[in-house]
Amino acid sequence: MKNNDGADLEEGEKPHIVELISVSKAYQRGSQIIPVLEDITFSIADGEFLALMGPSGSGKSTLLNLIAGIDSVDKGSILVKGLDISSLSESGLASWRSANVGLIFQFYNLIPVLTAFENIELPLLLTDLSGKRRKEQVETVLSLVNLSDRMDHYPSQLSGGQQQRVAIARAMVTDPAILVADEPTGDLDRASAVEILSFMDRLVKEFGKTVIMVTHDPKAAENAHRIIRLEKGVLLNPSQQKV
Amino acid sequence: MFYLKLSLRNAFRHPLRAVLTITGVAVAILAFGLLRTLVGLWYLGVETSSSTRLITRSSISLVFTLPVSYRERIRHIPGVTEVSTMNWFGGIYVSEKNFFPNFAVEPKTFLALYPEFIIEDAEKKSFLKDRRGAVAGYKLAAKHGWKIGDRIILKGTIFPGEWDFVLRGIYRGAQRSTDESQFFFHWDYLNESLRRTVPRRADQVGLYVIGVDSPEKAPEVAQAIDATFRNSLAETMSETEKAFQLSFVAMTEAIMIAIKIVSYVVIVIIMVVAANTMAMTARERIAEYATMKALGFKWSHVAITVFGESLFIALLGGAIGVLLTFPTANLLEKELSQFFPVFRISPVTIYFQIAAATLVGVVSSVFPVYRASTINISEGLRRIG
């Protein structure tokens with residue numbers, strides 16, 4: 001079996017789903033250019049649960065956004081399933097994201113005027129699925145996150161943990177290969193955080209998803225297969241430390 | 001369908017803000033409609049004037065009169081079909097606040113020249129027979145509760161004294177725009193009284209209304225009339241009824257221009273207010289728009305949502321404004337009938353109101369649409385929490 005770059009895989013090694021090659025990113029504030037990520041190179045295997053850790057301002061959310069195709073690199077390239085997403089246009093990236101990436105945010109980012117059902121249905125509106133098929137798919141993921149009885153509730157009528165479960169359902173509904181989560185437990189109490197982390201774990205173990213999670217919380221990172229640490233935009237453990 | 005649903009729900013997300021904005025748009029559209037109607041009414045006399053009627057008056061000024069002897073000489077000018085005499089009477093009914101236009105006219109020729117004043121045959125005969133007889137418009141009669149046979153006393157201002165009339169007819173307008181608030185009585189009644197009381201003012205006509213056999217001949221006939229009385233003691237000035245009405249309107253044109261400008265300013269103000277509200281709304285929802293774009297929605301999808309919300313608020317406000325225009329116009333027509341006997345909203349005004357509301361919706365969405373559709377996703381996502 002070979003990897004995306006053509007290299008032979010070792011026994012038991014899974015092919016890389018994401019590959020970052022010399023990725024750099026900087027932001028401009030007025031006339032000042034602030035480097036955020038410098039020469040980042042690493043790979044993520046298919047079905048891997050990866051935690052990105054580091055202090056505030058270390059560039060971990062930026063790195064996550066680059067992998068999710070939300071932001072674009074200044075230098076280097078990001079290959080996802082062999083496709084160089086850094087070469088895609090804004091419109092191309094939007095289509096690619098809707099088909100390949102599920103997004104989970106710290107503050108859930110649900111649309112307040114839409115019910116749980118409608119929020120989960122959102123990414124499916126960009127597909128060619130019929131209304132009936134969309135309904136079936138939404139109901140399936142709702143039952144997966146144990147929120148079938150809350151489908152008609154608006155976000156304001158749900159607890160933080162329930163809102164994050166809706167967000168997870170929304171991320172899963174298109175059955176993307178990659179799920180990116182930016183501090184998914186950052187706004188939750190411990191019990192809800194444990195519940196969310198167990199859902200994430202299930203996504204990897206039961207559904208074979210690749211999960212990339214940014215977190216400050218060492219407890220949250222415990223479930224990850226691997227932790228990558230960043231500081232001031234540089235990988236601290238380029239050798240990709242195992243948990 | 002989804003974008004429509006999202007736009008509608010977003011529109012009422014802050015009910016108080018939505019209601020205030022919609023009310024603002026409704027009031028602005030109402031004011032715009034009323035002001036435009038007011039301007040239109042000013043020109044109503046011009047628009048409803050006949051192209052086969054000429055007005056002949058003193059070339060010096062309208063306040064100077066012409067000898068009644070001109071009547072027969074005008075009648076014999078080729079192209080003239082009818083000649084009627086008319087004097088502005090300026091009488092007051094009970095008090096000055098009851099103002100309405102009242103004229104001494106030569107009844108038979110006057111009614112022949114003004115077919116837009118519809119009067120029943122029996123009433124017409126009765127009016128023609130009675131020297132003290134008078135005819136009032138339907139609205140005027142209704143306002144004062146006059147019935148056929150009622151005695152009406154006008155206090156003369158130009159022609160001093162108390163003038164006693166008997167209401168013999170009530171006319172209706174042939175068109176909705178016909179003024180039904182005027183009062184006409186026999187020119188002979190006025191003239192005979194003047195002969196007795198102020199003989200030097202008798203046998204004088206304020207203006208002649210002249211019928212011509214075709215509109216094309218009007219300029220030629222007007223020239224012929226003026227040529228007939230050139231170098232006389234009372235030279236004439238003849239013009240079409242439209243030109244005559246325009247000369248009145250021209251006196252107040254500056255006011256009309258000011259009202260027109262105000263009507264546009266009202267729309268500009270509400271446009272700015274609505275744009276500010278929509279900009280505020282877009283600013284608050286940047287994270288949501290960023291989320292939508294992160295999920296794969298394109299800038300055009302986000303733009304439709306913002307534009308739909310803005311347009312919905314403006315059109316709802318506009319619709320309420322248009323609906324309120326009718327009862328308000330009716331109220332104004334009732335309360336200000338002495339100034340605006342006809343206060344009706346024309347279809348063109350409604351189209352203008354709808355166009356103005358649409359413009360408010362479109363313009364107020366420009367900045368928020370631009371902002372929402374060009375938002376950098378990662379920056380937008382940071383706005384939450």
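In β9(A), M53(A) finds its bridge partner in R229(A). That pairing belongs to a predicted model, which comes with an ipTM of 0.87 and a pTM of 0.73. The two strands involved, β3(A) and β9 (residues 226–231) of chain A, run parallel and share four bridges. Strand β3(A) also pairs with β8 (residues 210–214) of chain A, again through four bridges and in the parallel sense. Here F49(A) sits opposite V211(A) of β8(A).

So how enclosed is β3 (residues 49–53) of chain A? Five of its five residues are buried, so the strand is largely enclosed by the rest of the structure. The side chains split by direction: F49(A), A51(A) and M53(A) point one way, L50(A) and L52(A) point the other, and all are buried.

Leaving aside residues up to four places away in sequence, L52(A) touches K60(A), L63(A) and L64(A), along with I212(A), M213(A), V214(A), I228(A) and L230(A). As general background, nonpolar side chains in soluble globular proteins tend to be buried together.

Elsewhere in chain A there is an open sheet of four strands, ordered β2-β1-β4-β5 and paired in the antiparallel sense. Its edges are β2 (32–45) and β5 (83–84) of chain A, each of which pairs on one side only. Further in, β1 (residues 16–29) of chain A is joined to β4 (residues 75–80) of chain A by five bridges, with the two strands antiparallel. One position to look at is S24(A), which stands opposite K75(A) in β4(A).

Next comes the contact between the chains, to which chain A gives 19 residues and chain B gives 19 residues. On the chain A side, the largest share comes from helix α2 (residues 90–100) of chain A, with five residues. What is the make-up of the side of chain A that touches chain B? It divides into 11 nonpolar residues, six polar and two charged.

Over in chain B, A356(B) makes a handy reference point within helix α14 (residues 347–374) of that chain. Is A356(B) buried or exposed? It counts as buried, because 26 C-beta neighbours lie inside 10 Å, against a cut-off of 20 or more. Not counting residues up to four places away in sequence, A356(B) touches I29(B), F32(B) and I267(B).

As for confidence, chain B averages a pLDDT of 90, and 98% of the residues score at least 70. Among the elements of chain B, the lowest mean pLDDT, 71, goes to helix α3 (residues 44–47) of chain B. At the other end, strand β10 (residues 183–186) of chain B has the highest, at 96.

Terms used
Residues numbered from 1 in each chain as written. Chains lettered and ligands numbered in written order. Predicted model: local features only at pLDDT ≥ 70, side-chain atom pairs only at ≥ 80, totals over all residues. Buried ≥ 20, exposed ≤ 12 C-beta atoms within 10 Å, placed from the backbone. Contact = placed C-beta atoms within 7 Å. Nonpolar A, V, L, I, M, F, W, Y, C, P; charged D, E, K, R; others polar. Pairing = 2+ DSSP bridges. pLDDT = per-residue confidence, 0-100.
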